[in-house]
Amino acid sequence: MGNFLQKLKRYTGRTNFSRSIVTICVILVAIVFNAVVYSLTTIFGLYLYQPTELDFSLSASTDAIMASIEEEGGVEVLFCMPREELKTHATGSYLLKTVEQMEEKYSDAVTFRFINIITKMDEEGKFFDMTPFTKDENGNDVTIFKTSVIFRSDKAHRVLTSNSYEDFYFLNEKSEPLAYCGEEVFLSLMLWVQKDYHPTAYFTAAHSEIPDAALARVLAAAGYKIGSVNLRREDIPDDCDLLVINSPVSDFERGSGVTSEMDRLYEYADAGGALYVSLDPFLKTPLPVLEGFLKEYGIALSRSEIAGETFSNIVTDNAQGITADGYTLVGRFDTEGVGGDIHNTVLPYSDGNVLLYRCGALSLSDGASPLLYSSASSEIYASGERVGKDGNYVLCAKGTREGENGTSSVFVMPSVYFTASDAMLSNTYSNREFLLAVFGEIFENEGMMPYGVRSVKTETNLIEDLSLREARLYTVIAFLPAVALVALGAVVLIRRKYK
Amino acid sequence: MLAIFKREMRSYFTTVIGYAFLVIYLAVGAAIFAFTTLFSMSADVTTYYLYMMIFSAVILPLLTMKSFSEERKIKTEQLTLTAPVSLISIVLGKFLASMTVFFGALTVSSLSFLFLYPYASVKTAVWLGNYVALLLVGMTFISIGLFVSSLTENQLSAAVGTIAIILAFLAVGIVNVLLPSSYFLRYVFDFLSIFTRFQAFTNGYFDLSSLIYYLSISAIFLYLTVRVYDRRRHS
C-alpha cells in the first residue's frame, strides 16, 4: 500500500495537468462529503450539542376547536423546511413544538408534512406537487420559500410566508418577538381554510392612522383578510365586510362636486356596512366631520368646556386603577344587551375584565349600546380639571344606523392603547377575547374563534436596571484592551526602533 | 511548522500590523458591543456577532495580506521554498499564526458579555454558539486570505481580492432571496451560504454539518495555497 501511494504521488506530481486533476478531485470530494453530511443532519439531526427543550403546552380551549376542524374533514399543514432544520431554527423551533403536540393529540384533525422544496419529497419519501400553491385565490403569483407554511383543506388553501416565521409571533416596535402566538395562528388558519366565505377588513389610510399589528392579528384570528383603502382616491371595495378607522389624526374630507371621503363613507354605511373606529381622546385637534358621522350612530366622544376651549374627557380611576396616576384602569362588561352577550362569550375563557389605558368617555343616545363601563369610583378629567365623579362611564359602545339599503353597525373604542402588548398578551385580562367576540358576534363573522388560546412569552433579551452611568463605565472598560495594546505596541516598536 | 509559526507571530508583534489589527478589532468590537447591547438595553448576542462577522470580512484580509505576498515582493520567498520544511508546514504555520491573533482578538472582545450577566438573562449556549461560529467563519476568511496572498506580490491586491471572495460568499445568502422561481438554485446557494450555516449556531445548536462545511472551505483554500506554492517551487 505504501509503495502504491509513493508511486501515485510521484506520478501525480509530475505534470501540471495531473496536479490540476487531483485538485479538482479533492474539491469534489469535499463538496460531496459536505452534501452527504448536510443531508444526514437534515434527516437525523446530527448535533454535537442541543439547548434544552422548550417548555409550553397547548391551551385547554384548543380541544373544542380541533374537534370542530375534525368534524369538517380535517386540514393539512405543510412546512417547506425539513423537520430537523426547523428544530434548529430560532423562531421555527417554537412552531415545531406546537406541531409535535398537535400531532400527538389531534392526529385525526390535522396532518403535518415537512417538504423539502427542492426534491419535493416529504419525510416519507413521497413526492409532493407545489404547483397548486404558486397562485392565490385571485390568480396572483405566490412565492414559496423555505419559511413558508401552507394550510389546505378540501375547500381552500392559504400560504403564509415570512422571513423568519414572524407571522407566528407578537412583535414589538423593533420587530423583535415578544411572545409566540403560533397556536392561535395555526388554529385560525385551519379554521380559515375550512370556511366557504372569507370576510375582508380594510384599514383606512391617509389620516396618519396608527399601524396596529395587534389589531390586524386579532382580525386575522377572527378569520378576516386584511387590506388597506385610501378613501381620498378610491371607493371602498365591494368585498369590504368591515372598515377599520384606527386612531386617525386628521379629519375626513367632506367635499362638493367630486366624490369625497365622506361620500364614500356614507355610501358604505347606507349599504349596511360595518365599522370599527378607535379614537385618541388626547388628540389636540378634534375631528368634527368623523365625530359628526359617529353621532348618527348615537355615539359621541364626551367633551367639556374649560376656559372657552373644548377638551375630551379622560377617565381616571384613582381608587381602583392599576397605576398611581389612575390612567390604567379596568373596564367592566355591561351585563345586559350586546355587552352582556359579549360578556357571556368571553366568560368561559377569562374571569377578568379588560385593561384600558388613557381612555376617553363616550356619550350615548338612541341606537347605541354600551359594552364596557368604568368603575363606580372613576372620575373624568378635562385639561387636568375634574369635571365629573359619578363613575360608570361608558368606555366603549356599539352603535347602529339605519341606511337606505341596510343597517350599519359601528364599534367605537376611545383609546389607542386597547391593543397594547401588555393587555393583549395578558392571561388576566380579556382584551383579545373581547375583540374576537366583537368581530365574531357584532359583525356576524360566523364560525369558531380561537378563544382562550394563550401566547407564550419568549425569553426577553432586555437589560434591566442598567443606568446610563453604568453603561458608559462598561463601554470604557470594553475599550481598555484596545488602549492597552496601543500603549504596549508603542513601547515595543519604539524600543525596537532605537535598539 | 512551529518555527514558521513562531516567526510569523514574531513578525506580527514586531511590526505595526499585529498591533494595528488587534487595536482596530478590539476598538470596533467594543463600539459594536456598546451600540448593540448597553445603549440598546438588549442582551441579544446574535446582532453583535453578525456585525462582527461583516467587520471580520473587511479586517481579516488586512491580517493575511502580507503572509505570502510580502515574501514574494522582498524576494525572500526562495529562502522559504528551499527550507527543509514541507509546504504544508509552511502554510499551516502561517495559518495558525493568523488564527492565533484572530482567536485572541475575538476572545477578548467576547468577554465584554460578562458585564451583562448581572442585568439580563444572557443565554450562554447562544453566546458560545455565536462565538464558535464566528471563530469558524474567521478561520474560513483567513484561509481565503492566505490563498489570495499566495497569488500576488502586491499586498493591496491581496487584501482587495480576499475581500471580494469573502463578500461573494456572504452575498450568496442574499442572492438566494432574489431567486424566486428556481428552487434548485436556491437550495444550492443555501448550501453554500455562510449566513445559513451560521444560523444553527446562533440558536445554541452545534451543528455537525456546518462545522464540517467551515472546515472543508478552510481545508480547500489551504490546499490550494499549497498547490500554488508547489507549482512555484517546481517552476
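## Close-up views of a predicted two-chain model

**B:Phe21 touches B:Ile59, B:Leu60, B:Leu63, B:Val101, B:Phe102 and B:Ala105, leaving aside its neighbours within four places in sequence.** Contact here means heavy atoms within 4.5 Å. Before you look further, please note that this is a predicted model, in which local features need pLDDT of at least 70 and side-chain atom pairs count only at pLDDT 80 or more, while totals for chains, interfaces and linings use all residues. Residues are numbered from 1 along each chain as its sequence is written, chains are lettered from A and ligands numbered from 1 in the order in which they are written, and side-chain values use heavy atoms, with hydrogens and water left out.

**B:Phe21 also belongs to the largest nonpolar core, which has 84 residues.** A nonpolar core is a set of buried Ala, Val, Leu, Ile, Met, Phe, Trp, Tyr and Cys residues joined through side-chain atoms within 4.5 Å. Buried means under 20% relative accessible area, exposed means over 50%, and partly exposed is in between (1.4 Å probe, protein chains only). The residues with the most contacts inside this core are B:Phe21, B:Tyr25, B:Tyr49, B:Phe102, B:Ile194 and B:Tyr214. Helix H7 (residues 124-151) of chain B supplies the largest share of this core, 15 residues. A second, separate core has 45 residues, among them A:Phe170, A:Leu329, A:Tyr393 and A:Met413. Nonpolar side chains tend to be buried together in soluble globular proteins.

**Helix H4 (residues 66-73) of chain B comes next, with its buried residues.** Helices (H or I, at least four residues) and strands (E, at least two) are DSSP runs, numbered from the N terminus. The buried residues of H4(B) are B:Lys66, B:Ser67, B:Phe68, B:Ser69 and B:Glu71. After H4(B) comes B:Lys75, with a positive phi near 65 degrees.

**Which domains of chain A does the second largest pocket lie between?** Domain 2 (56-195) and domain 3 (200-446) both give residues to the lining, so the second largest pocket lies between them. The domain bounds come from an automatic or database domain assignment. On a 1 Å grid over the protein atoms alone, a pocket is an open set of points with protein on both sides within 12 Å along at least five of seven lines, a cavity is a set of points where a 1.4 Å probe fits but cannot get out, and lining residues have an atom within 4 Å of a point. The second largest pocket holds about 1,300 Å³ of space; a volume is the space filled by probe spheres set on the points, which are joined across faces, edges and corners. Of its 50 lining residues, A:Ala213, A:Ala216, A:Arg217, A:Ala220 and A:Ile226 lie nearest the centre. H7(A) gives the largest share of the lining, 6 residues. By class, the lining has 26 nonpolar, 12 polar and 12 charged residues. Ala, Val, Leu, Ile, Met, Phe, Trp, Tyr, Cys and Pro count as nonpolar, Asp, Glu, Lys and Arg as charged, and the others, Gly among them, as polar.

**The largest cavity has a volume of about 60 Å³.** Its lining is made up of A:Phe170, A:Cys181, A:Glu184, A:Ala214, A:Arg217, A:Val218, A:Met424, A:Leu425, A:Arg432 and A:Ser455. H7(A) gives the most to this lining, with 3 residues. By class, the lining of the largest cavity divides into 6 nonpolar, 1 polar and 3 charged residues. Domain 2 and domain 3 of chain A both contribute to the lining, so the largest cavity lies between them.

**The second largest cavity holds about 60 Å³ of space.** Among the residues lining it are A:Leu279, A:Asp280, A:Leu283 and A:Arg303. Its lining has 5 nonpolar, 2 polar and 3 charged residues.

**A:Asn172 sits in the loop between E6 and strand E7 (177-180) of chain A.** With a relative accessible area of 19%, A:Asn172 is buried. Its C-alpha atom is separated by 9.8 Å from that of A:Ala214, 42 residues apart along the chain.

**A:Ser208 and A:Asn392 are two loop residues to look for.** A:Ser208 is found between strand E8 (200-204) and H7 of chain A, and A:Asn392 lies between strand E22 (385-388) and strand E23 (394-402). Phi of A:Ser208 is positive, near 55 degrees, and phi of A:Asn392 is also positive, near 55 degrees. Most residues other than glycine have a negative phi. A:Ser208 is exposed, with a relative accessible area of 54%, whereas A:Asn392 is partly exposed at 38%.
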